[in-house]
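Biologist: Could we go through this protein together, step by step? I would like to begin with its overall layout.

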Amino acid sequence: MAFVVYGAGAIGGLLGGSLARAGEDTVLIARGANLAAIRENGLRMEIAGRTETVRVRTAEDPASAGLRAGDTVILAMKSQDTPAAVEALADAAPPGIAVVCAQNGVENERLALRHFAEVYGMCVLCPATHLEPGAVSAFTEPYYGVFDLGRYPHGGDGTAERIAEAVTASGALSRVRPDIMRLKYTKLLGNLANAVEAAFGADAHGELDADAARLRRLAEDEGRAVLAAIGVDPLPAEEFWADYAALTRTEPRPDAATRGSTWQSLRRGAGRAEGDYLNGEIALLGRLHGVPTPVNAELQRLTRRLARTGAAPGSASAAEVLARAGA
Ligand SMILES: NC(=O)C1=CN([C@@H]2O[C@H](COP(=O)(O)OP(=O)(O)OC[C@H]3O[C@@H](n4cnc5c(N)ncnc54)[C@H](OP(=O)(O)O)[C@@H]3O)[C@@H](O)[C@H]2O)C=CC1
Ligand SMILES: CC(C)(CO)C(=O)C(=O)O
């Protein structure tokens, strides 16, 4: 079984580089300046302050990745890029590949399942950055991340066990969790704050100002109301994050101002960000099930606008968003 890691940013770069370093047959699908830098110089990985350069095979799309039946493709692009990526994969892949969604949100698995029978959700607990081509960083020890997975929509199987073993042998921790989507819905509640820290900034300790903290709370409250309406019972937040905190120590980031994945999209001027699949997931489910979600709808709109206009992270006003949401 070969691993094809599709999307070579913070999460895909770390997973692909670490699997290759551990001796797994691995191909990274990358694009643009990132692909050029990895091909020219290798992938620079900094994990908890230690830097190394890993040579890893690359491809510019699924058609040139040499995919074979039995391979595992790990989706590691942001969710807004999944529809196009999965279509390109469907056009190129032989039958019998496994597709793992190493992504936040809960929509990627559905998008993959439309084309592939064997789909796995992966809950990614791995604070990581990718701010320049060819370079990725992670900040935790002894594992560079925790990547539990399970078959979608639920269950475990031998393929999941083999993937978990390989990811664990690469320096992370990965366990098979038959209830993987419960974990991913629980994580989604935390990721509603991605838009908040990206739009309004945080101090050197990651603390939000009072208006931004209120938006974060309101967004999470709406998220909980929506999950109750669809019959999803998230894990208690303290239990979920305490389990993770007990497994890893977080080293300070070299640049203390660096934040989460949506912040990084704005910082890189990526033009698009993941809000439609984080706050936008709550807005969508709220509309389907009659639950008001004005705060998440505003955060979704704001994230789109900031990304589209190339605005700097931290440049929006939380008071204005509270007012627009009527909160
Ligand atoms: N970073 C973090 O700390 C964490 C991230 N996550 C989640 O993990 C997922 C990945 O996030 P992250 O690694 O931060 O994202 P990044 O933006 O760092 O990396 C995604 C990479 O995928 C590339 N990509 C997108 N579409 C394609 C395509 N069709 N072909 C080739 N490459 C493609 C992007 O290229 P380009 O730049 O050209 O668009 C980019 O290099 C997200 O769902 C995120 O929410 C979860 C936990 C922590
Ligand atoms: C939990 C957090 C914020 C870690 O960086 C994350 O999931 C992300 O950046 O998307």
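**Domains and their contact**

Modeller: The protein is divided into domain 1 (3–178) and domain 2 (184–324), with bounds that come from an automatic or database domain assignment. This is a predicted model, in which local features need pLDDT of at least 70, side-chain atom pairs count only at pLDDT 80 or more, and totals for chains, interfaces and linings use all residues. Residues are numbered from 1 along each chain as its sequence is written, and chains are lettered from A and ligands numbered from 1 in the order in which they are written.

Biologist: How many residues of domain 1 are in contact with domain 2?

Modeller: On the domain 1 side there are 23 residues, in contact with 24 residues of domain 2; a contact requires C-beta atoms, placed from the backbone, within 7 Å.

Biologist: Which element gives the most to the side of domain 1 that touches domain 2?

Modeller: That is β8, with three residues. The elements that give two or more residues to this side are β8 (118–125) and β11 (140–141). Strands are DSSP runs of E, at least two residues, and helices are runs of H or I, at least four residues, numbered from the N terminus.

Biologist: Let us change topic. What is the strand order in the open sheet of four strands?

Modeller: The order is β4-β3-β10-β9, with mixed pairing; two strands pair if DSSP finds at least two bridges between them. The edge strands, β4 (50–54) and β9 (128–129), each pair on one side only.

Biologist: And how do β3 and β4 pair?

Modeller: Strand β3 (residues 43–47) pairs with β4 in the antiparallel sense, over five bridges. Within this pairing, Glu-46 has Thr-51 in β4 as its bridge partner.

Biologist: Which strands does helix α1 touch?

Modeller: Helix α1 (residues 10–21) packs on the sheet and touches β3, β4, β9 and β10 (135–138). The direction of α1 makes about 95 degrees with that of β3. Axes are lines fitted to C-alpha atoms, for helices over the stretch in contact, and angles run from 0 to 180 degrees between N-to-C directions.

Biologist: Now the helices α8 and α12: at what angle do their axes cross?

Modeller: Helix α8 (residues 210–229) and helix α12 (residues 294–308) cross at roughly 115 degrees, and their axes come within 8 Å.

Biologist: Which residues meet there?

Modeller: Leu-215, Leu-218, Ala-219 and Glu-222 in α8 meet Val-295, Asn-296 and Leu-299 in α12.

Conventions
Contact = placed C-beta atoms within 7 Å.
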